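Please open the model in your viewer and keep the selection panel at hand. The stops below are meant to be followed in order.

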Amino acid sequence: MTETATRPEGITPSQTVGPFFAYALTPHAYDFPELVTGNLLAGPDAGEVSGERITITGRLFDAEGNVIPDAMIEIWQADGEGRFAGHDAALSNSAFRGFGRVECEKDGRFTFTTVKPGPLPGPDGGRQAPHVNIGLFARGLLNRLFTRFYFSDDAAAHGGDPVLALVPADQRATLIATRGSDGGKTVYNLDIHLGGGAETVFFEA
Amino acid sequence: MSRIYPIGSLAAHPPSLSPGYKSTVLRTPSRPLIRIPQTMSELSGPVFGHESVGEKDNDLTLQHAGEPLGERIIVSGRVMDEDGRPIPNTLIEVWQANAAGRYVHVVDQHPAPLDPNFSGAGRTVTDENGFYRFVTVKPGAYPWRNHHNAWRPAHIHLSLFGPSFLTRLITQMYFPGDPLFAFDPIFNSITDEKARVRLISKFDLATTEPEWALGYKFDIVLRGREQTPFEDPHHD
């Protein structure tokens, strides 16, 4: 019997991240070095990253509208030209990793500093509107919750987006971050609701 | 676009609403998940190189001036896909309670002692054959407030990336023979018993180091299959 001859009987199941992840995964308040933060433009060559500089912020709520202070939110996105770090040779030396991670604050708020992604190729030769993938982990979540957000100023492109097309029209607004500004900076706001009247749409793929 | 990762494999995961674990009730969306195509956004994912981890990051007993208290253990295994192919160069992050069952976290109020020589956080990157190894101490069980006299079985939290957004996994590794298994709603949230027991590591004499530390093996299987039809290897 060799190890290579053994086919696994299935994938390893998920378990909750629990309440105590911070000192390993978001350890800014602890003595372990941080590997990933909410600033996707932190590298020394960040000035060369392609795309409009933006802040993404919002708050996370449970089904009764209580804020969730103990969640971890991850984002994964392309740069301003629709390229993914690690998957596009043009970005091999870029400071842009395309991946961010934060823990929510006491009031459920999360904030990322990044660039607005460009449009992306879609299935069957189509095109996807600019979007960012979100992975959500928390005490009480046995599995990662997966959603996406889009940008309010791309409304014209949303009609042709193959993923938004799968979302009932009256729920699409839960996936659209609203463009605004704060002291000259572009800020998109997106609240995430795990339930209740404004429940966010979540995906599987 | 074809579906690269089979969706049926997700049946191994626990249902998101698992009322025995009370925190799931207000944190589970009421509407079913919408199944979307696997596009470039899902089929790509963050890449972390070996430079992401420090030399001592995979030895949780070396991170302070002295040695932590507790039973020294070596946790090792292989990260692979659903066909058993190794997943090389992928980041694993771990965290755990100390030997007394206490986490280094402001919210942990369990009146068990902190250990000045143990933080309980580590990370490593799998080698070219998908192997990983951590040295640590065996975590203690600890109480929580889910129900009267609720105790979590000893466990180590693991966070893995794999090659794409869809292979991301956060899970917990347990220890064989734990008397708390039958009473733990988080462990038992996995309704498929075969999947559930995959979270229990195995004591392993081969990786146990004489007069030093006990070895536990824990292999991890992430989503993903060969695109060509799989030929089952011959078994006797």
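Predicted model: local features only at pLDDT ≥ 70, side-chain atom pairs only at ≥ 80, totals over all residues.

Residues are numbered from 1 along each chain as its sequence is written, chains are lettered from A and ligands numbered from 1 in the order in which they are written, and side-chain values use heavy atoms, with hydrogens and water left out.

**Stop 1: the contact between the chains**

Select chain A and chain B together, and colour the residues that touch across the boundary: 95 residues come from chain B and 79 residues from chain A, where contact means heavy atoms within 4.5 Å. The area buried between the two chains is about 7,400 Å², with carbon and sulfur atoms giving 59%; buried area here is the accessible area (1.4 Å probe) that two parts lose on being put together, summed over both. On the chain B side, B:Arg27, B:Ile34 and B:Phe165 lose the most area to chain A, together 12% of what that side buries.

Between chain B and chain A there are seven salt bridges, a salt bridge being a side-chain nitrogen of Lys or Arg within 4 Å of a carboxyl oxygen of Asp or Glu. By class, the side of chain B that touches chain A has 47 nonpolar, 28 polar and 20 charged residues, with Ala, Val, Leu, Ile, Met, Phe, Trp, Tyr, Cys and Pro counted as nonpolar, Asp, Glu, Lys and Arg as charged, and the others, Gly among them, as polar.

Now centre on B:Arg27, whose side chain meets that of A:Asp70 in a salt bridge of 3.1 Å, N to O. The pair crosses between chains, from the segment before strand 1 of chain B, where B:Arg27 lies, to the loop between strand 1 and strand 2 (71-76) of chain A, where A:Asp70 lies. Helices (H or I, at least four residues) and strands (E, at least two) are DSSP runs, numbered from the N terminus. Both B:Arg27 and A:Asp70 are buried; buried means under 20% relative accessible area, exposed over 50%, and partly exposed in between (1.4 Å probe, protein chains only).

Next show B:Ile34, which stands opposite A:Phe203. Strand 12 (residues 203-204) of chain A and strand 1 (residues 34-35) of chain B run parallel and are joined by two bridges, and two strands pair if DSSP finds at least two bridges between them.

**Stop 2**

Select A:Ser14, in the segment before helix 1 (22-25) of chain A, which is buried with a relative accessible area of 7%. Beyond its neighbours within four places in sequence, the residues in contact with A:Ser14 include A:Asn143, B:His13, B:Leu169, B:Ile170 and B:Thr171. A polar atom of the A:Ser14 side chain lies 3.4 Å from the backbone oxygen of B:Ile170.

**Stop 3**

Strand 3 (residues 91-96) of chain B has six of its six residues buried. Its next link is to strand 4 (residues 121-125) of chain B, antiparallel over five bridges, with B:Ala121 as the bridge partner of B:Trp95.

**Stop 4: a salt-bridge network in chain A**

Finally, select A:Glu52, A:Lys116, A:Asp153, A:Asp154 and A:Arg179, which are linked in a network of salt bridges. A:Glu52 and A:Arg179 have their closest N and O atoms 2.7 Å apart. A:Glu52 lies in the loop between helix 1 and strand 1 (53-61) of chain A and A:Arg179 in strand 9 (residues 176-182) of chain A, so the pair ties together parts that are 127 residues apart in sequence. A:Glu52 is partly exposed at 32% relative accessible area, and A:Arg179 is partly exposed at 36%.

In the salt bridge of A:Asp154 with A:Lys116, the closest N and O atoms are 3.1 Å apart. A:Asp154 is buried at 13% relative accessible area, and A:Lys116 is buried at 12%.

Key: Polar contact = N/O pair within 3.5 Å; in protein donor to acceptor, adjacent residues only side chain to side chain.
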